[in-house]
Amino acid sequence: MLEERIGEWRAYVRRRQAIHPVDVEELEDHLRNQVKALGEAGLADDEAFLIAVKRMGDLDSLSREFAREYSERLWKQLVVSPGASEPSSDANREAMVAVGLAIAASAAIKLPELFGLSIRGADADTSFYARNFSLFMLPLLAGYFAWKRSLDRVGRYWLAVPFVAAALVVNILPFERGGHTEVLAALHLPIALWLAVGFAYARGHWRDHDRRMDFVRFSGEWFIYYALIAFGGGVLTVFTLFIFNAIGFDVEWFLESWLLPCGVVGAVLISAWLVEAKQSVIENMAPVLTRLFTPLFTVLLLVFLVTVIWTGSGIHVERAVLIGFDLLLVLVLGLLLYSISARDPQAPPGAFDALQLLLVICALVVDALALWAIAARISEFGFSPNKVAALGENLVLLVNLGWSAVVYVRFLTARASFASLERWQTAYLPVYAVWAWVVVVFFPILFDYR
Amino acid sequence: MNISKDLVAASATPLVLAILSEGESYGYAILKRVGDLSGGELQWTDGMLYPVLHRLERNGYVEANWGKSEAGRRRKYYRLTKEGLECLASQQRQWQVVDSTLRGIWFTALDPAPQGT
């Protein structure tokens with residue numbers, strides 16, 4: 001009873017940004033002492049608890065006092081160091097593991113050079129690096145989560161399967177160098193393996209819908225961190241070039257064969273660790289971005305549709321255009337997914353939900369136009385790996401968005417709960433994995449490795 | 001008697017430092033000592049002690065480490081440092097000046113009758 005109430009109190013105090021968990025622990029020790037002393041003076045547990053909490057003082061002014069003492073805390077939230085007074089060594093150990101894995105990934109991408117596979121210059125083996133790109137860091141990322149979540153032994157064996165299979169497929173199949181199927185495999189393998197990372201992230205409980213949603217959230221935050229790190233890396237690169245050029249040194253070789261490849265793979269692990277370490281802090285970044293961009297993209301698509309109808313111009317089907325429309329759908333799906341992930345499932349339908357539905361419908365109409373164009377193109381020129389891949393992707397996303405729209409309408413008309421929309425999204429995740437694996441494994445065989 | 005907020009705040013630093021000069025201690029025990037010393041007259045809002053302790057720690061007047069309580073829970077103990085001792089001495093001098101000044105004026109202000117014979 002008392003423990004329960006202290007637990008509630010602790011959870012309540014923890015929500016204050018300015019009061020760190022270690023401080024909460026200290027305050028809790030105080031509270032317990034006070035309760036004990038009052039108990040010894042003859043008060044019942046719950047009375048003692050109430051008085052002890054009251055004596056602790058008003059939580060608002062207390063957290064204001066803490067904030068004044070630690071004004072940097074509200075900012076420090078964004079930096080990783082948990083503060084010098086943090087007594088736990090877990091955080092440190094985890095940082096070491098993450099940095100170690102990032103270095104391992106950098107070593108992994110440099111290793112093939114010892115065997116004569118150059119990463120840069122005229123004799124660069126770009127097709128080897130493109131095919132194997134995700135294998136340099138995603139196994140390590142999966143390993144990080146297997147370690148962090150203490151995945152059991154059977155789970156670890158299962159986890160190894162997709163990575164071993166991927167390594168075999170991309171290196172044994174006789175891809176035509178620079179051929180379409182090779183490019184497609186290189187593009188789809190990261191997606192396929194990313195969902196394998198999700199298996200480790202969910203500690204093997206990949207069927208659990210909540211875990212899947214957590215992984216979706218993780219992916220979004222990871223992407224944001226990665227983009228931030230990439231931006232910082234870009235600034236670093238520019239300055240490196242600039243200052244060494246100023247003294248007449250050519251450092252391009254260093255940037256291209258060391259900084260860039262090592263940074264690109266290392267940042268994957270560092271971002272993942274940052275998301276894990278700072279989970280509670282920037283958790284809300286992806287939803288904020290969705291709120292900001294959902295209206296803008298809706299307007300964009302509406303204007304586009306009006307333009308198409310007004311001028312009657314069709315879509316020019318080229319490879320870039322196909323990819324562009326697929327990406328557009330991915331983006332709309334992302335906007336949908338992240339607003340779902342942050343929404344309170346209990347809340348009644350609101351204006352934003354209607355806007356979201358409008359966005360989905362616009363995307364569906366735009367996509368129908370694109371699909372029609374692709375189909376026309378296929379019937380004219382026949383199948384090619386690129387067109388089939390684009391078509392498949394399009395269908396996969398179309399089915400998702402189409403059914404999402406249906407569920408959304410049902411939700412807005414109060415015939416379904418919001419949870420059913422969330423469930424539909426998480427239930428659909430394996431479809432992406434299946435399609436990505438199909439493109440990686442079967443497309444080369446189907447299209448004769450062209 | 002209610003002691004004003006400002007006075008409580010001003011006396012917090014010397015009081016905490018002085019209590020810690022008796023030896024290592026922790027939050028709850030410090031507050032209890034304050035209560036005992038003042039005969040219960042000086043009442044703090046319990047929680048407010050901690051930001052004060054943390055400020056002293058940041059300024060290097062006290063150092064903290066995590067130990068164990070009798071019940072085996074983690075507890076943060078505070079100890080006075082050399083700088084803390086110096087600070088305490090300087091605070092002491094300041095308060096003595098305030099104290100003797102006030103004492104000087106109390107006689108004439110509150111007790112107009114001539115003292116002694």
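Select B:Glu63 first: its bridge partner in strand E3 of chain B is B:Arg79. Strands here are DSSP runs of E with at least two residues, helices are runs of H or I with at least four, and both are numbered from the N terminus. The model is predicted, with local features requiring pLDDT of at least 70 and side-chain atom pairs pLDDT 80 or more, while totals for chains, interfaces and linings use all residues. Residues are numbered from 1 along each chain as its sequence is written, and chains are lettered from A and ligands numbered from 1 in the order in which they are written.

Next, select residues 62–68 of chain B, which form strand E2. Seven bridges connect E2(B) with E3(B), and the two run antiparallel; strands pair when DSSP finds at least two bridges between them. Five residues lie between the strands of this hairpin, where B:Gly72 has a positive phi near 90°.

Then move to strand E1, residues 25–26 of chain B, which is antiparallel to E3(B), residues 74–80, and joined to it by two bridges. B:Ser25 has B:Tyr78 as its bridge partner.

Turn now to chain A, which has 18 helices and zero strands. Of its 450 residues, 31% are buried (20 or more other C-beta atoms within 10 Å of the residue's own, with C-beta atoms placed from the backbone).

Finally, display both chains: 16 residues of chain A are in contact with 16 residues of chain B (C-beta atoms, placed from the backbone, within 7 Å). Helices H2 (21–40), H3 (45–56) and H4 (59–69) of chain A each give two or more residues to this side of chain A. H2(A) provides the largest share, eight residues.

Note on methods. Contact = placed C-beta atoms within 7 Å. Buried ≥ 20, exposed ≤ 12 C-beta atoms within 10 Å, placed from the backbone.
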